[in-house]
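The following paragraphs lead a new reader through one protein, from its overall plan to individual residues. Please keep the display in view while reading.

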Amino acid sequence: MSGHTPGPWKSSYNRLTKTHSFVGDGMWFAKVSWTVTSVRNEADARLIAAAPDLLAALKHSLIEPSGWVEEARAAIAKAEGRS
């Protein structure tokens with residue numbers, strides 16, 4: 001199994017087609033369409049876009065017992081739309 005598309009990932013929403021596009025490693029890699037547009041869809045898109053950051057913070061926490069907390073906080077803020 002190959003690895004995932006390297007981060008950071010960014011999402012953008014097209015109101016006309018009601019799709020979220022995701023870009024990682026400088027190229028488009030996914031387009032997601034939800035039947036109903038809602039605030040939850042925006043939250044889902046932010047969480048998907050933050051996935052590489054969350055994975056990196058978790059891996060860092062296993063390797064180094066200190067110094068990863070700020071990385072984790074930044075990833076959580078991105079997932080929650082606060083960055």
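What percentage of the contacts in the protein with a separation of 6 or more do residues 24 or more positions apart account for? Such residues account for 33% of those contacts, where contact means heavy atoms within 4.5 Å. The model is a predicted one, in which local features need pLDDT of at least 70 and side-chain atom pairs count only at pLDDT 80 or more, whereas totals for chains, interfaces and linings use all residues. Residues are numbered from 1 along each chain as its sequence is written, and side-chain values use heavy atoms, with hydrogens and water left out.

The protein contains two helices and three strands; helices (H or I, at least four residues) and strands (E, at least two) are DSSP runs, numbered from the N terminus. Read from the N terminus, the order of the elements is β-β-β-α-α. The accessible surface, calculated by the Shrake-Rupley method with a 1.4 Å probe, comes to about 6000 Å², and carbon and sulfur atoms hold 61% of this surface. Of the 83 residues in the protein, 22% are buried, a term that means under 20% relative accessible area, with exposed meaning over 50% and partly exposed lying in between (1.4 Å probe, protein chains only).

The strands S1 and S2 form a hairpin with four residues between them. Strand S1 (residues 9-14) runs antiparallel to S2 and is joined to S2 by six bridges; two strands pair if DSSP finds at least two bridges between them. In this arrangement, Trp-9 stands opposite Gly-24 in S2. Within the hairpin, Lys-18 adopts a positive phi near 55°.

Strand S2 (residues 19-24) is largely enclosed by the rest of the structure, because five of its six residues are buried. Ser-21 belongs to this strand and is buried, at a relative accessible area of 14%. Beyond its neighbours within four places in sequence, Ser-21 touches Lys-10, Ser-11 and Ser-12, as well as Trp-28, Ala-30 and Lys-31.

Lys-78 lies in helix H2 (residues 69-79), and its relative accessible area of 19% makes Lys-78 buried. Apart from neighbours within four places in sequence, Lys-78 is in contact with Pro-8, Trp-9, Arg-46, Ala-49, Ala-50, Asp-53 and Ser-83.
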